[in-house]
Amino acid sequence: MTVPHGDPDAIRARLAQLRDGDLPTHGGRTLAYVYDSGIAEADALGREALAAYGATNGLDPTAFPSLLAMERELVAFAKPLFHAPAEAVGTVTSGGTESVLLAVQTARDARPDVERPVMVVPSSIHAAFHKAEHYFGVERVTVPVDPVTKRADANAMGAAITAHADRVVLVAASAPSYAHGVLDPIPEIAEHALRHGVRLHVDACIGGWVLPWLERDGLVRHQWDFAVDGVTSISADLHKYAYTPKGVSLLLHRTPELRRPQFFASADWPGYTMLNATLQSTKSGGPLAAAWAVITYFGDAGYLELTRTAHAGTRALVEGIDRTEHLTLASEPDSTLVAVATDEACDVFTISDSMLARGWFVQPQMAYADLPATLHLTVSAATAPLVDEFLRALQESVDEAVAGGAIEVDPQLRAAAVAIDPATLDDAAFDGLLTLAGLAGSGDDGSSTVTLPDQMAPVNALLDAAPPALREAMLVAFLDRLTRTD
Ligand SMILES: *Cc1c(COP(=O)(O)O)cnc(C)c1O
């Protein structure tokens, strides 16, 4: 028998052609989603390991002891970075969201006595915690951050813990927050958690591979990791500032006992006994092997230098933004993330479109509660040498946005957006709304087809005017249609 086969070169060409439509993952001009060390040899090592281990299966560590060995080495590397005690344990997960989900699930299942469990989080906590609420039924009590510093308000969080005392199974805070790049007051929050005897998770998904080295240079404002009594778990993504290929994060617990409810086993079926520490069962060893290769390559000294580079780039960026008329920093960055707001003369959505036209991706963040819309900039080591060039493009984009004037959403549309209850909308109504927003058009046969407009600013401005529930519903409807194949 001959298996039919296609032309490998044609397949390679098509893969390359498809990638042409994506944001660049390397080169330092994409300031969200991707993290670039700028070191080609590390990238090559990561890719080789990813390919070599792509078909291995982390389902059973006794069948693939290589994966267990690499996981143990990564955890051993991370523990001293986070001042973890010797008995601390860790798990490699598929990403920040999985680490967060597991931290919440573990906290919930450690307290079977609590009927309606609650987690207390600052409003700046990553949406992965909202997902955990949705999946695991742990009610989220959200405490507004300080409107000026954008840091969690430890006293208000303490009050929220007291108010729900018997039901609180977890408190969480960020090091730093994604949206504003600020470090929450972990020592003060930990005092409250300790006093009530509840777990405290520090979400260092984005800061975990930066803060330990900034600390060496005395650049971290206060302790945030296991050095703080009361911190029980930490998440740190390797596919962010460890500059490894996608699909790897670490979840560390202070003691084996704290981790125990994270394990799942089932012998209650006719197949193999399922035994997992993660959400995935069968999981590729590729991302883990790639992370091991890249982290072993850079080592402590490499990350010290990469962190210094990214941090110096961030400072240069911050100074440039400070000098730019119409722009303000939404917060004083505590690591390598910058959030930028505009004055009335222009808007972040138009600026982000203009930047994209100049070859730079910056991520617009919509207004939330009393916090203004901002541009999110994640500064990788590879971006640092390009900061002057970035600032020139930013100045041109601001000039262009000011010349065009701040984008206006039709007041009637704005009023309608606030009045709509998304729960009452049917499919046809969503088609209409998506068309109105510029995210869909009519096909030749009159059917509605989704499109990605060239200019995202009008779409973003309209979504920005919509309350979060409508924004969510519209984007879900959009994604639903994007992924249909008929
Ligand atoms: C990125 C991030 C997450 C989620 O991680 P994913 O890898 O995207 O799943 C959670 N928390 C923070 C602070 C993050 O920056």
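Helix α4 (residues 96-109) comprises 14 residues and spans 20 Å from its first C-alpha to its last, close to the 20 Å expected at 1.5 Å a residue; the expected span is 1.5 Å times one less than the number of residues in the helix. Helices (H or I, at least four residues) and strands (E, at least two) are DSSP runs, numbered from the N terminus. The model is predicted, local features need pLDDT of at least 70, side-chain atom pairs count only at pLDDT 80 or more, and totals for chains, interfaces and linings use all residues. Residues are numbered from 1 along each chain as its sequence is written, and side-chain values use heavy atoms, with hydrogens and water left out.

Helix α4 is mostly covered, with eleven of its 14 residues buried. Buried denotes under 20% relative accessible area, exposed over 50%, and partly exposed the range in between (1.4 Å probe, protein chains only). The buried residues of α4 are Gly96, Glu98, Ser99, Val100, Leu101, Leu102, Ala103, Val104, Gln105, Thr106 and Ala107.

Leu15 is exposed, with a relative accessible area of 52%. Together with Ile11 and Leu18, Leu15 makes a nonpolar surface patch of about 290 Å². Patches are made of residues with over 30% relative accessible area and no salt bridge, like charges being joined within 9 Å and nonpolar side chains (Val, Leu, Ile, Met, Phe, Trp, Tyr) within 5 Å. Accessible areas come from the Shrake-Rupley method with a 1.4 Å probe, and for residues only the protein chains shown count as cover.

Backbone features were examined in several loops. In the loop between α1 and α2 (40-52) lies Tyr33, whose phi is near 70°, a positive value in a residue other than glycine. Tyr33 counts as partly exposed, at 48% relative accessibility. A positive phi, near 65°, is likewise found at Lys150, a residue other than glycine. Lys150 is placed in the loop between β3 (139-143) and α6 (154-163) and, at 7% relative accessibility, counts as buried. The peptide bond from Ala175 to Pro176 is cis, with omega near -10°; Pro176 is found in the loop between β4 (168-174) and α7 (186-196).

Polar side-chain pairs involve two further loop residues. Ser281, in the loop between β9 (274-276) and α10 (286-322), makes a polar contact of 2.7 Å through its side chain with the side chain of Asn276. A polar contact is a pair of N or O atoms within 3.5 Å; within protein, one must be able to donate a hydrogen and the other to accept it, and residues adjacent in sequence count only if both atoms are side-chain atoms. Not counting residues up to four places away in sequence, Ser281 touches Asn57, Gly58, Leu59, Met274 and Asn276, where contact means heavy atoms within 4.5 Å. Thr336 occupies the loop between β10 (327-329) and β11 (337-342) and is buried, with a relative accessible area of 1%. The side chains of Thr336 and Tyr241 are joined by a polar contact of 3.0 Å. With residues up to four places away in sequence left out, the residues touched by Thr336 include Val210, Tyr241, Ala310, His311 and Thr314.

The structure holds 20 salt bridges, each defined as a side-chain nitrogen of Lys or Arg within 4 Å of a carboxyl oxygen of Asp or Glu. One of them pairs the side chains of Asp334 and Arg221 (3.9 Å, N to O). This pair links distant parts of the chain, 113 residues apart, with Asp334 in the loop between β10 and β11 and Arg221 in the loop between α8 (211-216) and β6 (233-237). Asp334 is buried, with a relative accessible area of 12%, whereas Arg221 counts as exposed at 51%.

A salt bridge also joins the side chains of Glu396 and Arg358 (2.8 Å, N to O). Glu396 lies in helix α12 (residues 387-404) and Arg358 in the loop between α11 (348-357) and β12 (363-365), 38 residues apart. Glu396 is partly exposed, at a relative accessible area of 41%, and Arg358 is partly exposed at 28%.

The side chains of Asp427 and Arg481 meet in a salt bridge of 3.4 Å, N to O. Asp427 lies in helix α14 (residues 427-437) and Arg481 in helix α16 (residues 468-482), so this pair ties together parts that are 54 residues apart in sequence. Asp427 is partly exposed, with a relative accessible area of 44%, while Arg481 counts as buried at 10% relative accessibility. A network of salt bridges links Asp427, Asp431, Asp480, Arg481 and Arg484.
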